[in-house]
Amino acid sequence: MQNEFVPLFYGFHFYLFGLIALASALMFVTRKSPVAAALWLVQTMFALAALYVMMDAQFVGVMQILVYAGAIMVVFLFVIMLLNLGHPSEISDIRGKWGRVIAGLFGIALLAEIGAASRNALVPALQLPQAPTDGAINGTAGVIGPIAGPMFKEYLLAFELTSVLLLVAVIGAVVLGKKSSNAR
Amino acid sequence: MTHVALFALDATSQMDPTTGVFLIASVIKMIAIFTLVMVGVAYTTFAERRISAWIQDRHGPNRVGPLGLFQVLADGVKNLMKEETYPGDANLTLFILAPAIAFIPAMLTWAVIPFASPLPTPWGRIDMVVADLPVGFLFTLAISSIGVYGLALAGWSSNNKYALLGGLRASAQMISYEIAMGMSTVCVLLLSGNVHLTEIIKQQSTMGWNVFLLSIAFFLFLIAAFAETNRVPFDLPEAESELIAGYHTEYSAMKFSMFPISEYAGMITASAMLVTLFFGGWDIPFTQWDNTGEFTVLKTLLTFASFAVKTLFWVFFYIWIRWTLPRFRYDQLMSLGWKVMLPIALAYVTVIATLVLALDMAGLPRDWRFGGAMFAVNAVLVVLLFFVLDRGRIVSPAYSRLDKAAVARLRAVTAARAALTTGEGA
């Protein structure tokens with residue numbers, strides 16, 4: 001499938017999904033209804049997953065959907081629905097004019113920093129993603145091989161410690177939840 | 001001559017196709033699969049009504065056309081012609097969007113399921129799968145995990161307390177059973193060493209079907225698949241005895257119809273996944289003819305028939321269960337998912353990982369001998385789990401056998417009552 005259309009194909013989809021991601025992220029921070037905001041965030045995650053797949057990271061792309069869109073955001077939505085929050089205008093946490101101005105200034109500063117960094121000689125120039133190579137896909141364990149190998153061999157200790165940390169957080173949440181219900 | 005031309009194509013037929021052929025073939029496959037699944041959905045609804053009638057000793061719909069086969073057309077026309085109603089306080093955007101969000105994931109999984117052996121054509125070899133993704137299996141898990149949005153949003157946007165309860169139940173149930181489902185399939189990945197569905201089918205054709213090698217994982221996946229598709233005994237999101245119709249209470253006409261359509265599409269998809277992961281996909285049992293040698297048109301047709309028969313059996317199984325078992329109680333549902341299936345799945349992953357490691361260290365080649373050893377261990381494990389450890393306690397205490405003390409107490413009470421009644425009568 002290697003011919004002259006491939007760069008054009010990838011360029012087009014990079015900009016398409018990039019624009020979708022940016023537009024939905026903007027919608028996400030500007031919506032007043034929490035359910036609408038959550039759904040725009042899901043949309044952003046789908047666009048990001050598409051970008052990961054284009055960068056030959058199919059595993060990361062699928063995990064983005066499976067973990068973030070499919071599990072975390074569903075729980076978010078579940079909590080929002082369970083609390084059954086009132087009318088959007090009453091519960092919005094978008095704060096007055098000054099709050100928006102300050103937040104906007106921070107946003108512009110961050111954009112300027114990214115722009116400066118991308119022009120810096122120390123950072124390699126920004127490049128569009130390349131077409132996937134067959135080597136990454138046809139390894140011994142397919143696309144998950146290059147991730148599974150380092151995770152369970154070189155960085156096994158770090159990986160296990162992280163999982164213990166998460167377990168501690170879960171147990172902590174349960175203990176805190178129990179305490180408040182016992183206090184009455 | 002035509003026979004030879006049909007079954008012995010020239011050397012180009014075994015090569016990779018060019019970009020143009022690939023695109024055209026993909027479009028044809030998409031249309032074919034979509035049409036097949038949609039017709040399948042229509043006739044599964046019909047099959048459900050006829051089979052339920054058969055199970056309950058009734059006739060079922062048999063008036064429209066021969067054997068009632070045109071009933072699905074009549075139902076379709078009826079649903080399209082009916083008036084659409086919208087609840088006054090509904091969130092209209094999401095209310096209209098939700099049926100579509102429910103339907104799309106149910107169909108999307110078909111993109112990665114291989115349904116026959118590759119087809120040789122004069123323009124190169126065409127894989128009989130719409131998109132042969134290298135992350136195939138994870139893609140199916142990801143897509144099934146977003147299926148819950150349609151149900152949850154339908155429940156919330158209707159602005160109706162029964163619909164909201166249905167939507168909440170749907171999301172709680174699907175998140176719970178997704179974990180057990182993911183854990184049960186870890187064993188499949190341990191054996192195949194890859195997430196590519198084509199590789200998983202290849203592994204089963206050399207070592208034997210996973211249903212024998214990973215029996216307990218199969219049972220867990222089967223139960224989780226029922227819960228993920230919200231079928232009886234896991235249909236609490238639309239439990240009509242408590243929630244009117246659950247998340248689709250406020251829907252009418254075609255928008256309502258989209259929910260059953262997505263449920264049946266999900267059922268067919270789950271059956272196809274079950275076949276791919278545990279019943280060898282398009283593999284034909286008891287022969288290596290379909291897996292070795294050159295691909296031919298005949299092989300493609302027969303492997304497709306094999307895949308279709310296995311999938312339709314599991315669709316029938318879904319219907320059979322629906323008209324046999326009653327619905328779970330909500331606490332039973334949660335305790336089955338979290339307290340029974342998740343620990344069993346975790347323990348089973350450990351057992352299978354140890355077993356695979358031990359057999360590899362013993363130097364067993366990965367063919368029928370490896371499969372045979374796995375099958376022997378699994379037979380023991382299944383007997384242990386279902387006949388020794390469980391003894392009728394699988395769901396919750398409500399279903400369990402009573403212990404001896406409780407039986408003695410109940411008998412004493414009954415005897416005392418009987419004595420009292422006879423005393424009064426005398």
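1. Ten of the ten residues of α6(B) are buried, so the helix is largely enclosed by the rest of the structure. If you want to click through them, the set includes B:Tyr149, B:Leu151, B:Leu153 and B:Trp156, along with the glycines B:Gly150 and B:Gly155. Just past the helix, B:Asn159 has a positive phi of about 55°.

2. On the B side 25 residues take part, and they meet 22 residues of chain A. The elements of chain B that each put at least two residues into this side are α2 (19-55), α5 (136-146), α6 (148-157) and α7 (161-192). By residue type, the B side splits into 17 nonpolar, seven polar and one charged. For the prediction as a whole, ipTM comes out at 0.76 and pTM at 0.82.

3. Have a look at B:Ala90 while you are in this area. B:Ala90 sits in the loop between α3 (71-81) and α4 of chain B. Its C-alpha lies 4.9 Å from that of B:Ser158, although the two are 68 residues apart in sequence. Leaving aside residues up to four places away, B:Ala90 touches B:Phe95, B:Ser157, B:Ser158, B:Asn159 and B:Glu250.

4. Next, α10(B). Helix α10 covers residues 215-228 of chain B, 14 residues in total, and runs 20 Å from first C-alpha to last, close to the 20 Å expected at 1.5 Å a residue. Twelve of those 14 residues are buried, so α10(B) too is largely enclosed by the rest of the structure. Among the buried ones are B:Phe218, B:Leu220, B:Phe221 and B:Phe226, and B:Glu228 is on the list as well. After the helix comes B:Asn230, again with a positive phi, near 55°.

5. The largest nonpolar core has 126 residues, and B:Leu220, B:Phe221 and B:Leu274 touch the most other members. α12(B) gives this core its largest share, 15 residues. B:Leu220 touches B:Ala180, B:Ser184, B:Met341, B:Ile344 and B:Ala345, not counting residues up to four places away in sequence.

6. Chain B overall: 16 helices and two strands, in a C-alpha box of roughly 95 × 65 × 40 Å along the principal axes. Of its 426 residues, 42% are buried. Among contacts with a separation of 6 or more, 78% join residues 24 or more positions apart.

7. Last, confidence. Chain B has an average pLDDT of 82, with 92% of its residues at 70 or above. One stretch to note is residues 1-11 of chain B, where pLDDT stays under 50 and the model has six contacts beyond four places in sequence.

Definitions and conventions
Residues numbered from 1 in each chain as written. Chains lettered and ligands numbered in written order. Predicted model: local features only at pLDDT ≥ 70, side-chain atom pairs only at ≥ 80, totals over all residues. Contact = placed C-beta atoms within 7 Å. Helix = DSSP H or I, 4+ residues; strand = E, 2+ residues; numbered from the N terminus. Nonpolar A, V, L, I, M, F, W, Y, C, P; charged D, E, K, R; others polar. Buried ≥ 20, exposed ≤ 12 C-beta atoms within 10 Å, placed from the backbone. Expected span 1.5 Å × (residues − 1). Core = buried A, V, L, I, M, F, W, Y, C linked by C-beta atoms within 7 Å. pLDDT = per-residue confidence, 0-100.
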